[in-house]
Protein chains: 2
Amino acid sequence: MTTTIATTVQERLERAHDAARGVGLLPDAAKADALRAIADAIEAATPQIVAANADDLARGRENGLSDGLLDRLRLDAARVAALASAVRDVAALPDPVGRVLEERTLPNGVALQKVSVPFGVVGSIYEARPNVTVDIAALALRSGNAVVLRGGTAAQSTNAALVDVMRDALAEFGVDPEAIQTVDDFGRDGAHALMQARGLVDVLVPRGSAELIETVVTQSAVPVIETGAGVVHIVLDSSAPLEWAEQIVVNAKVQRPSVCNAVETVLVLRDAAERLIPPVAAALQDAGVTIHGDDEVRALVADALPATDADWATEHMSLDLSMRVVDDLDEALAHIRRYSTHHTESIVTADDARAERFLAEVDSAVVMANASTRFTDGGEFGFGAEVGISTQKLHARGPMGLPELTSTKWLARGSGQIRA
Amino acid sequence: MTTTIATTVQERLERAHDAARGVGLLPDAAKADALRAIADAIEAATPQIVAANADDLARGRENGLSDGLLDRLRLDAARVAALASAVRDVAALPDPVGRVLEERTLPNGVALQKVSVPFGVVGSIYEARPNVTVDIAALALRSGNAVVLRGGTAAQSTNAALVDVMRDALAEFGVDPEAIQTVDDFGRDGAHALMQARGLVDVLVPRGSAELIETVVTQSAVPVIETGAGVVHIVLDSSAPLEWAEQIVVNAKVQRPSVCNAVETVLVLRDAAERLIPPVAAALQDAGVTIHGDDEVRALVADALPATDADWATEHMSLDLSMRVVDDLDEALAHIRRYSTHHTESIVTADDARAERFLAEVDSAVVMANASTRFTDGGEFGFGAEVGISTQKLHARGPMGLPELTSTKWLARGSGQIRA
């Protein structure tokens, strides 16, 4: 069976909107089984998906994509199997729809319930990696939503193949395939239509570079959940135990430097600088980290580069780390206020009062004491899947699981009550 | 004491942002007492407020404002006392900040807590009625937020007087007066700056006409909570008891026709049309309602006007009501999908299965069976105060109380844990 996708953007958005009704009313088991059917279909279509991916890779090479980007773009049989496996993991999660979040009976006898419902249509605008195509579609469907995808042009052939396979699998399973749409083939017009589709698309989740997210946030008339960059800080307090300081900073920088929860700047209180900076810096340098330090740091660390003003605001995404000595906790908090992207910050301290002050005063999605910033992650938090890490304050903040892809509605059951 | 407000929009937004930190950390009692100080100050300043209002009224008369608008604009001593009393009611509400919404301990021992925190800075763009100035400021402060106000030019002198009184009261009480800002004196530039103030303003709540809300939603780069218009429907099912049908429809239309939860369209299933329409229409007409009906309705109701296509999409805000006969529940649901603004819909029925189908399938903020749509209200829901009624699906949906003016953050307390 091959499903036929509509020819205009508007028609695709309308079909997604219509399909959302049916998908939103599916029972738990039907949604889970539909996802398992998609996973099976993806595995069965491995040759076609890898072939489509080869086209993208060839075009990428012609266009001079870096080896790193080509690797992010590449799908081989093992990676396709991993995609299918991720879909099965999402299928196994509990249904986020239909939870009763609040209940109250009014004095007049009207029974109120606030229940979780699907958003309706989730849109996503994202970049290179084709796994996002499958991830977002699976998460949206598991939470009873239709989805409209706009992936990067670099992965266009792969994404088209994946969308075809998923739509066909839905149709074969008996779910309206119009619940999965792509607007990739309309280029910038597709992205623009998606951002202006108020009334047809209920929420947009951009994923990718800071520039992409900034564009979507500022241009979209559809409500956006911002998943932002991480200029993440760790503060080493006067009382920080050396062992914790060393292992937390190294882990937060080195374990996976290219992700948003990796630390970018370490702030060391002056009265601990001589005790902590030389061994922490040595451990970092042993792990291949280049330190960008202020004058006081450079006096203590051989081979540290001078930190520029730009460094403090930079998400390095690499084995580079900015380090600064501050007078006290006040100055550390002021530095964080100025440069943080409000993703994750952590303090290393043996002083409970200072830890609690830091937890109370830092205005970030996740604020930690004595733990690696790498824990800001839906999987680590036990959500079973991650939609993204929200850095905005509306609707969702921090790692988002399936429940964050639902809205609510109030149900009122009466017996003829009227307002006095 | 007289506080001095900054001279530029940017400076005011920055001062609000800075003040938000202190306000956000105030304990419950301090926030409540600060509001009581504001209420006292408003009452004490009654003569100045009424005098400023007289200027607005005089200008309004010159500009040809209708009697209705002039009445909405007018503040006399009794209305000022009511403003102060509303502030005291907000002071008496429980603190929405610091609630622990979720707790979990990771296998590695890191203790996670999701707690409610203030947004930071709440912006509001609204129209004529000066009571919104005080309402929004009180609700924002009670939930630990700073506030930036942009009221209608018609109420400019009144709003300026109210903002002065509230700022002075805060300063006298020992809370940073910069937590209350207005950008009224910058005209359209003020509204524009507020909508573009990402990073300084955390959320915008527009209140007013559909045009105003549409403008803010489409132009704002700051996240918006949309409080929308209500094209509200009541369906009279085949099995609807006449008494319920009559009292619910009359109450929903007549009790207060100018508000968003008043009914605009009644859809009657054909097999109940002859039984229900004549008595329901008579009761409505006795209460002064003009019925706009389709042909079948007009055959049953003397003096019904013909309903135009525009009627189905119109929020009358008056004693006008559109009425249509539909084939069955499917057609009623299709009509609602096409014309509803997703605010509130209700069905009158004695058939539980149909009630549950309606509750499940209608995609509105509040869906009712056998109750008046006038119950969609923060006060009626028992929230103690109402920030507005959200018709969007992100963050808040339906009547919003103080908790909807908070965001969340995750706190993580560890003892040196790193990610494996």
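## Cysteines

A disulfide here is a pair of cysteine sulfur atoms within 2.5 Å. By that rule, the count over all chains comes to zero. This is a predicted model, where local features need pLDDT of at least 70 and side-chain atom pairs count only at pLDDT 80 or more, while totals for chains, interfaces and linings use all residues. Residues are numbered from 1 along each chain as its sequence is written, chains are lettered from A and ligands numbered from 1 in the order in which they are written, and side-chain values use heavy atoms, with hydrogens and water left out.

## Domains of chain A

Chain A splits into domain 1 (10-226) and domain 2 (232-375), with bounds taken from an automatic or database domain assignment. The C-alpha centres of these two domains sit 36 Å apart.

## Around Glu178

A:E178 sits in the loop between α7 (156-173) and β5 (180-182) of chain A. Those elements are DSSP runs numbered from the N terminus: helices are H or I with at least four residues, strands are E with at least two. With 12% relative accessibility, A:E178 counts as buried.

So who are the partners of A:E178 beyond its neighbours within four places in sequence? Taking contact as heavy atoms within 4.5 Å, they are A:T4, A:R15, A:A16, A:A19 and A:R167.

## How the two chains meet

A rotation of 180 degrees with 0.0 Å of shift along its axis puts chain A onto chain B, with an RMSD of 0.0 Å. The two copies are thus related as by a two-fold rotation axis. In chain A, the C-alpha nearest that axis belongs to A:H395, 1.8 Å away from it. The superposition is by least squares on C-alpha atoms of residues with pLDDT of at least 70 in both copies.

At the interface, 71 residues of chain A touch 71 residues of chain B. The copies meet through the same surface, because 100% of chain A's interface residues are also interface residues in chain B. Together the chains bury about 6,000 Å², 51% of it on carbon and sulfur atoms. A:L394, A:W410 and A:R419 supply 14% of the area that chain A buries against chain B, more than any other three residues. Buried area means the accessible area (1.4 Å probe) that two parts lose on being put together, summed over both.

Technical notes. Buried < 20%, exposed > 50% of the residue type's maximum accessible area, 1.4 Å probe, protein only.
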